[in-house]
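Here are my notes for anyone opening this structure for the first time. Keep the viewer open and go through the points in order.

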Amino acid sequence: MLELKVLGQEGVGGGPAGGCTSSGCGGSLDALAHLPEHIRAKVHNHPCYSEEAHHHYARMHVAVAPACNIQCHYCNRKYDCANESRPGVVSELLTPDQAVKKVMAVAASIPQMTVLGIAGPGDPLANPDRTLETFRQLTEKAADIKLCVSTNGLALPDLVEELCQHNIDHVTITINCVDPDVGAKIYPWIFWKDRRIKGRKAAEILIERQQRGLEMLVGRGVLVKVNSVMIPGVNDQHLEEVSRVVKAKGAFLHNVMPLIAEAEHGTFFGVMGQRGPTHDELQTLQDACAGDMAMMRHCRQCRADAVGMLGEDRGSEFTLDKIESMEIDYAKAMEERRQVHAAIEANREAQRKKSGESFVSLSALKVRKKETRPVLMAVATTGGGLINQHFGHAREFLIYEATDKDVRFVGHRKVDLYCSGGDTCGDADTTLEKTIRALAGCEAVLCSKIGYEPWGLLEAAGIAPNGEHAMEPIEDAVAAVYREMAAEGRLERPAPAKLRLTA
Ligand code: CLF
Ligand code: SF4
């Protein structure tokens, strides 16, 4: 019998049901089911290390680290470290004291915020005093917040012991290559032992330090995520090998991010016209690497002062002048945070139970396996794992792939907001057209509500608008729409050519 199993909301402890995308993000509780309890406890509410958690929990960054010790061809130093951030973004630099005050203000105001990361604007470990002082104070003052750091890895082996002393459970290393010949095309120089070192030698030292740092962290039980920037024609053919190597050394998760290179950013790659990957190329590489290790697909390339759920930025609510005047009773805030986290966990558990019952038989629909095919669907959501956003209010859509085996999250697409209120959503045609282009390859879009005009335009573009699953868990809704398509015989035909992913 052919079954469609909803893999979206896995129960802790495994079992057949759930896991946002068992083969997809690699961070779902399903994918973690084989891990010991103490490791699952580290990731269950980390929005980057667990794809399912990112629907429920938020993170924040503080920009305390201005300097860098290497040069990447996708960075020009005027902006945040592009190893973790979208290039072209500048964050406001904070002192450690200011950063700690900001973290406590955010923790009191956004109780879903569970993780504090330091990811720039330069390399956090090239600024060890500022980075470690921030962590030290937070360990003392806000013990319920997880600490996380991202680095290019050059200084890492020298700082592993201190990071462990500060109770840092999560470290990201950006590893773009394990071959110095590839590295020489990405890194023009490094600054190491008071000397600037160039070319292949620089890449060789950087790679050796990254690999050593990875091994040291894994040896001490720290969870390591590896970020790689996919640069077509430079390291795209090499990243499967990177995935294999870092997995063998114990990395927990691999996050392949697209290069974003624009001439106006003034980076070497931008000026030289180096292109980034298409959605299709990125997904194909992520799928290829997934054969070897758990993949992250929900990264939003956050700025170095990002605040809020992944994909949103509430930093403007917490500027220095605003937090100066805030009085924070952290003991009271901690109690409120505990209550909010308990409510989130109860909700997650309820969703897991519901999805655990969501086995769907395609055989009942008289669909033969060879007549089905994968279908991409776009989803508008504000979080909570539900279809709960108006089409016109979405700034990004999550992309899910449904097959006759499962439903898996495969990525996200950013769009411009074109509707600022009301139900008509018809004012900004150009933006709407851009949105529809951004959804190329999808055959349906699921949202809580949609206006008359976008409905018609989506249909004309061959993307079925669907508002019938408002407030339902995403994976259940995607599975239900896939079933409907199967029942209507729409899976017996190939996807229309115009819907295939564009180059
Ligand atoms: Fe920040 Fe990075 Fe820690 Fe997350 S972000 S330091 S691991 S807390 Fe997350 Fe943002 Fe992607 Fe980074 S979505 S850019 S992976
Ligand atoms: Fe820029 Fe980050 Fe590379 Fe340093 S490590 S050069 S800040 S992208």
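1. Start with R77, which sits in the loop between β3 and α2 (96-109). This is a predicted model, so take the backbone details here as a prediction. R77 is not a glycine, yet its phi is positive, at about 75 degrees. Is R77 buried or exposed, or something in between? Its relative accessibility is 33%, so R77 counts as partly exposed.

2. There's another residue of this kind at D194, in the loop between β7 and β8. D194 is not a glycine either, and its phi is positive, near 60 degrees. With a relative accessibility of 70%, D194 counts as exposed.

3. While you're checking the backbone, have a look at the peptide bond between G120 and P121. That bond is cis, with omega at about 10 degrees. As for where to find it, P121 lies in the loop that runs between β4 (113-118) and α3 (128-141). Worth a glance, because most peptide bonds are trans.

4. Now step back for the overall picture. The protein has 503 residues, and 59% of them count as buried. You'll find 14 helices and 18 strands. Take the contacts between residues at least 6 apart in sequence: 73% of these join residues at least 24 apart.

5. β3, β7 and β8 form an open sheet of 3 strands, in the order β3-β7-β8, and the pairing is antiparallel. Which strands are at the edges? They are β3 (70-71) and β8 (195-198), each of which pairs on one side only. A helix packs on this sheet too: α6 touches β3, β7 and β8, and its direction makes about 105 degrees with that of β8.

6. For the pairing inside that sheet, follow β7 (residues 189-192). β7 and β8 are antiparallel partners over 4 bridges.

7. Which residues make the contact? On the α4 side they are L156, P157, D158 and V160, and on the α6 side R209, R212, G213, L214, M216 and L217. By type, the contact residues of α4 and α6 come to 6 nonpolar, 1 polar and 3 charged.

8. Compare that with another helix pair, α7 (residues 239-248) and α9 (residues 279-290). The axes of α7 and α9 are 9 Å apart, and the helices pack at an angle of about 35 degrees. The crossing of α7 and α9 is right-handed. From α7, L239, E240 and S243 meet L285, A288 and C289 of α9. This contact divides into 4 nonpolar residues, 1 polar and 1 charged.

9. β4 is mostly covered, with 6 of its 6 residues buried. β2 (residues 58-61) runs parallel to β4 and is joined to it by 4 bridges; A58 has M113 as its bridge partner in β4. β4 is also joined to β5 (residues 146-151) by 4 bridges, and β4 and β5 run parallel. Here V115 stands opposite K146 in β5.

10. Last stop: the hairpin of β15 and β16. How many residues connect the two strands? The hairpin joins β15 to β16 through 4 residues. β15 (residues 396-402) and β16 run antiparallel, with 7 bridges between them. One of the pairs to look for is L398, whose bridge partner in β16 is H412. β16 (residues 407-414) is mostly covered, since 7 of its 8 residues are buried. When you look at strands like these, bear in mind that side chains in a regular strand alternate between the two faces of the sheet.

Conventions:
Residues are numbered from 1 along each chain as its sequence is written. Chains are lettered from A and ligands numbered from 1 in the order in which they are written. This is a predicted model: local features need pLDDT of at least 70, side-chain atom pairs count only at pLDDT 80 or more; totals for chains, interfaces and linings use all residues. Side-chain values use heavy atoms; hydrogens and water are left out. Contact means heavy atoms within 4.5 Å. Ala, Val, Leu, Ile, Met, Phe, Trp, Tyr, Cys and Pro count as nonpolar, Asp, Glu, Lys and Arg as charged, and the others, Gly among them, as polar. Two strands pair if DSSP finds at least two bridges between them. Axes are lines fitted to C-alpha atoms, for helices over the stretch in contact, and angles run from 0 to 180 degrees between N-to-C directions. Buried means under 20% relative accessible area, exposed over 50%, partly exposed in between (1.4 Å probe, protein chains only). A crossing is left-handed if the near helix is turned anticlockwise from the far one by less than a right angle, and right-handed if clockwise.
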